[in-house]
Amino acid sequence: MKGKPSRIRTIKVDTLARLEGEGALYVRVRGDKVQDVQLKIFEPPRFFEAFLRGRDFREAPDITARICGICPIAYLLGASTAMEDACGVKVTEPIRKLRRLIYDGEWIESHVLHMFMLHAPDFLGYEDAIQMAKERPDLVKNALRMKKIGNDIMARLGGREIHPINLRVGGFYKAPAKRELEPLKEELKWGLDAMRDAMKTLSGLSFPNFEQEEDCEYVAMRHPDEYAIIEGRLVSTRGMDAPIREYDDHLTEEHVERSTALRTSVKGRGVCFVGPMARYNLNFNQLSPVAKEAARAARLGPICRNPFKSILIRGVETIFAFEEALRIIEHYEVPDPPAVEVKPRAGTGYGCTEAPRGICYHRYTIDDRGAILDAKIVSPTAVNQKAIEGDLWRFIPKNLGLSKEKLQWRCEQAIRNYDPCISCSAHFLKLELDDA
Amino acid sequence: MPKKRPKLAVWKFASCDGCQLSLLDCEDELLAVAGAVEIAYFPEASRAVAKGPYDLSLVEGSITTPHDAERIHRIRRQSKFLVSIGACATSGGIQALRNFKNVKEFVSIVYASPGYIHTLNKSTPIADHIAVDFELRGCPVSKVQLLELVNALLNGRKPNIGNQSVCVGCKARGAVCVMVARGAPCLGPVTQEGCGAICPAYDRGCYGCFGPKESPNTGSLSERWGVLGVDKKGRVRAFRGFNAYADAFRRESEANER
């Protein structure tokens with residue numbers, strides 16, 4: 001062999017921290033060339049799609065909620081709306097509003113958890129939020145109070161914070177009285193101010209100079225009248241515009257050789273990105289004036305391609321959610337009845353909602369007595385997996401000057417940009433652990 | 001000299017992460033807890049890792065892979081006090097529905113290349129593999145009970161966590177009985193309380209997420225469900241929920257299959 005042997009560096013993170021579920025990272029670099037990047041998922045498979053077969057259609061929301069304890073609403077509502085679609089039923093406007101309200105609660109709870117407890121410590125050089133709380137107590141205390149407001153919405157409306165029990169196909173078991181929601185108003189107002197204030201801290205963070213390619217495809221839902229959360233069409237920055245029932249015509253799951261998971265990509269085009277940044281890039285115009293103003297103050301344009309800045313976009317969306325929750329409570333009309341009747345009929349139904357980390361797709365086929373014949377669920381992290389690896393392939397070569405320890409931490413941070421929720425393992429393959 | 005704080009570790013097996021999230025959901029108490037213990041291993045919250053042994057290990061999730069069946073023994077060896085938290089860890093969880101079916105068929109339904117999947121035929125609770133010092137029920141666990149548990153262990157006393165039925169919870173909060181008043185099928189009479197009887201309070205029957213109470217009369221309840229119009233298949237499904245593999249619920253679902 002001629003020439004100087006290239007130095008081989010490997011980065012192995014056996015347990016990726018500050019994300020939900022279990023994942024690992026393996027990177028191999030030879031000289032200044034990245035040879036391999038593998039985001040490994042070792043979350044054991046739980047077979048939701050298999051054991052849903054034969055269950056009653058009304059059981060799907062509560063069962064699928066157990067895919068993820070961090071974003072149960074994405075499953076409770078994704079399954080409910082898919083079943084309503086299959087049965088040809090539309091819920092009333094007051095029920096829709098209550099669904100938005102509980103989803104706002106989940107966005108607040110999940111976004112605040114991620115921004116301040118999981119992601120901000122990376123930017124500020126702390127191992128975790130507890131350590132951060134020692135030096136920046138107000139930042140963490142305010143975050144905990146904001147997070148609690150999101151959880152309070154979930155608990156009042158849903159019965160409890162994690163795996164709420166009050167949601168069903170057709171609506172809710174019991175609609176809260178106006179006076180039960182009223183006490184949230186003062187805290188929501190405080191939360192809105194606190195989040196606007198916290199944006200100053202977040203926008204002062206130092207962001208790695210990194211941009212995704214101009215032609216990369218962001219995918220989100222779009223609704224004509226609102227910043228889409230619970231329903232809409234599937235749209236992308238490269239021209240996709242389709243009803244949810246055509247999801248499988250546009251997004252496909254491939255099983256690549258040597259791959260560790262079913263990976264979603266756009267048919268005929270490739271990698272796609274979902275989550276706050278995709279929503280923001282596609283639906284910026286539908287944000288409220290206050291949220292837009294916060295984005296401007298944080299020096300975000302209407303398009304953002306730096307995934308490290310997703311923390312700012314989560315902040316903007318949290319402001320939006322605080323405002324909307326407040327508005328819904330102020331104009332609250334008790335839905336009577338709390339749920340519309342849904343009679344089973346044979347067919348296939350589709351549901352998709354914007355989980356905090358991106359679109360979460362459900363498809364069910366049921367028979368005329370309501371028994372589930374087939375189920376398909378795609379979690380946002382399954383979709384983003386390829387995007388995360390893509391970022392690392394491009395990010396690492398530019399940062400090889402960093403010490404190994406710093407580079408590893410940066411890589412972890414780049415993964416956490418996506419707030420990956422690996423517990424949503426319905427669609428992850430078990431990884432063959434490389435013992436070498 | 002400051003007293004050395006007890007070391008806390010949080011471990012995850014097959015689960016949704018919801019039970020360990022309950023700890024982060026203790027917004028008012030989190031910093032106090034973090035002050036009273038050293039969070040030595042808790043990957044969902046921190047990238048810092050301190051070596052064992054650990055004074056208290058909280059274990060979430062069920063055992064579903066050969067690798068995990070080994071790993072739980074290593075965790076036991078490093079833990080002074082080990083508590084399994086949540087329905088997955090105490091009964092096998094919703095993923096224990098595989099225990100009633102052919103798992104190979106399940107693999108081929110979900111995955112394109114079944115060869116990659118290494119999974120056990122059954123999803124089993126932690127106590128089937130190692131000695132467990134305490135079990136905290138629920139899908140998810142209750143924050144209040146979780147805090148009570150940590151508090152009790154830090155102070156060297158027994159956790160004050162009851163095993164009465166959800167019916168007792170309904171009486172305590174003044175909720176009207178959904179089964180008597182509205183004929184709604186409810187698992188409350190055979191389910192351990194801990195949630196605060198939320199389902200009946202929200203006008204629906206309990207779905208048993210805290211698992212069977214001590215010596216439940218599931219047969220009698222099942223008969224009552226029959227009178228209320230739930231056929232045998234419906235009763236099988238009712239007992240095959242988030243605690244399907246807990247002894248009393250498993251036996252009752254099997255009895256209804258016959």
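Over which residues of chain A does pLDDT stay under 50? In this predicted model, the stretch is residues 425-436 of chain A, for which the model has 37 contacts beyond four places in sequence. Chain A as a whole averages a pLDDT of 90, and 91% of its residues score at least 70.

Chain A also meets chain B: 50 residues of chain A are in contact with 49 residues of chain B. On the chain A side, two or more residues each come from helix H1 (48-51), helix H2 (60-65), helix H4 (93-124), helix H5 (129-135) and helix H6 (137-158) of chain A. Of these, H6(A) gives the most, with 5 residues. By residue class, the side of chain A that touches chain B holds 21 charged, 20 nonpolar and 9 polar residues.

Chain B contains an open sheet of 5 strands in the order S2-S1-S3-S4-S5, with parallel pairing. Strand S2 (38-41) and strand S5 (134-136) of chain B form the edges, each pairing on one side only. From one strand to the next, the twist averages 30°. Strands of a sheet pair through backbone hydrogen bonds, either parallel or antiparallel. Strand S1 (residues 7-12) of chain B pairs with S2(B) in the parallel sense over 3 bridges, and Ala9(B) has Tyr41(B) in S2(B) as its bridge partner.

Two helices of chain B are placed against these strands. Helix H3 (residues 66-78) of chain B lies across S1, strand S3 (54-60) and strand S4 (79-85) of chain B, and runs at about 130° to S4(B). Helix H6 (residues 143-154) of chain B packs on the sheet, where it touches S3, S4 and S5 of chain B; the direction of H6(B) makes about 155° with that of S5(B).

Note on methods. Residues numbered from 1 in each chain as written. Chains lettered and ligands numbered in written order. Predicted model: local features only at pLDDT ≥ 70, side-chain atom pairs only at ≥ 80, totals over all residues. pLDDT = per-residue confidence, 0-100. Contact = placed C-beta atoms within 7 Å. Helix = DSSP H or I, 4+ residues; strand = E, 2+ residues; numbered from the N terminus. Nonpolar A, V, L, I, M, F, W, Y, C, P; charged D, E, K, R; others polar. Pairing = 2+ DSSP bridges. Axes fitted to C-alpha atoms, helices over the stretch in contact; angles between N-to-C directions.
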